[in-house]
Amino acid sequence: MDDIVVYSQTMDEHVEHLRQVFQALKSNKLYVKKKKCSFAQEEVMFLGHIIERGKIWMDQAKIQAILEWEPPTKLTEL
């Protein structure tokens, strides 16, 4: 498992969600490294998307990269 994203509308809800996630991990003998974690973020980049305040959209850098792709000129490039 690489990523766990927890969305909550309030900080109190977020703390409770995290408690539940940590309990589920502990129950299954799984642990996280504190240095790889970040909590209470208002904006998260995840799998080429930006998640903020309950909304999700593609990272503009990813969109720009797709727009700049050269069109295929040979069958093998498809």
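The model is predicted, with local features requiring pLDDT of at least 70 and side-chain atom pairs counting only at pLDDT 80 or more, while totals for chains, interfaces and linings use all residues. Residues are numbered from 1 along each chain as its sequence is written, and side-chain values use heavy atoms, leaving out hydrogens and water.

E1 (residues 43–46) and E2 (residues 49–52) run antiparallel and are joined by 4 bridges; strands are DSSP runs of E with at least two residues, helices runs of H or I with at least four, numbered from the N terminus. Two strands pair if DSSP finds at least two bridges between them.

Move to the turn. The hairpin has 2 residues between the strands, and leucine 47 takes a positive phi near 55 degrees there. Glycine 48 lies in the loop between E1 and E2. Glycine 48 has a relative accessible area of 22% and is therefore partly exposed (buried is under 20%, exposed over 50%, partly exposed in between; 1.4 Å probe, protein chains only). Beyond its neighbours within four places in sequence, glycine 48 contacts Met58, Asp59 and Lys62 (contact: heavy atoms within 4.5 Å).

Finally, select serine 8, in the segment before helix H1 (11–27). Serine 8 counts as buried because its relative accessibility is 15%. Its side chain makes polar contacts with the side chains of histidine 14 (3.2 Å) and histidine 17 (2.6 Å). A polar contact is a pair of N or O atoms within 3.5 Å; within protein, one must be able to donate a hydrogen and the other to accept it, and residues adjacent in sequence count only if both atoms are side-chain atoms.
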